[in-house]
Amino acid sequence: QVQLVESGGGSVQPGGSLRLSCLASGNIVSIYRMGWYRQAAGKQRELVAVITNTGITNYADDVKGRFTISRDNAKNTGYLQMNSLKPEDTAVYYCNSVLIDGLGRYREIWGQGTLVTVSS
């Protein structure tokens, strides 16, 4: 069974930092894209950042310069380094991946989400 498991969420004061991790496990042949989305209370889920297997990245405008997405292909793990956090960054953060599994199927997988709370 292919799954994504996030870790690293928690509570932090404004201006602080957190690093989220997303481990893709199971029968995986290759991972094309890994990304992070977030959903604040009462709002729709939105893209935060994505990274392709060749290292091409894309960020939401309101996180550019503060967040950095990266990945370790050997470990099937993606990361989101979040600096200069603001209260408006408070949300549940979801890992997302587009990959090919061991049966050759092209799949999009979501993690269970991890809560990030930015508050003084």
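How many residues lie between β4 and β5 in their hairpin, and which turn residue has a positive phi? I found 6 residues between the two strands, and G42 in the turn has a positive phi of about 80°.

A note on ground rules: this is a predicted model, where local features need pLDDT of at least 70, side-chain atom pairs count only at pLDDT 80 or more, and totals for chains, interfaces and linings use all residues. Residues are numbered from 1 along each chain as its sequence is written, and side-chain values use heavy atoms, with hydrogens and water left out.

**Around β5**

I took strands as DSSP runs (E, at least two residues), numbered from the N terminus, and called two strands paired if DSSP finds at least two bridges between them. Strand β4 (residues 28–39) runs antiparallel to β5, with 6 bridges joining them. I saw R38 standing opposite E46 in β5.

On to β6 (residues 57–59): this strand pairs with β5 in the antiparallel sense over 3 bridges. N58 in β6 is the bridge partner of V50. These two strands also form a hairpin, with 4 residues between them, and G55 in the turn has a positive phi of about 90°.

Is β5 enclosed or open? Strand β5 (residues 46–52) is largely enclosed by the rest of the structure, because 5 of its 7 residues are buried. Buried here means under 20% relative accessible area (1.4 Å probe, protein chains only).

**The open sheet**

I traced 4 strands forming an open sheet in the order β1-β3-β8-β7, with antiparallel pairing. The edge strands, β1 (3–7) and β7 (67–72), each pair on one side only.

I then checked β7 against β8 (residues 77–82): 6 bridges join these antiparallel strands. I69 stands opposite L80 in β8.

**The core**

Of its 29 residues, W36, V48, F67, L80, M82 and Y93 touch the most other members. The elements giving two or more residues to this core include β4, β5, β7 and β8.

**Charges over rings**

I counted a charge over a ring if NZ of Lys or CZ of Arg is within 6 Å of the ring centre and within 35 degrees of the ring normal. R19 lies over the face of Y79, at 4.0 Å from the ring centre, and R45 lies over the face of W110, at 4.7 Å.

Technical notes. Buried < 20%, exposed > 50% of the residue type's maximum accessible area, 1.4 Å probe, protein only. Core = buried A, V, L, I, M, F, W, Y, C linked by side-chain atoms within 4.5 Å.
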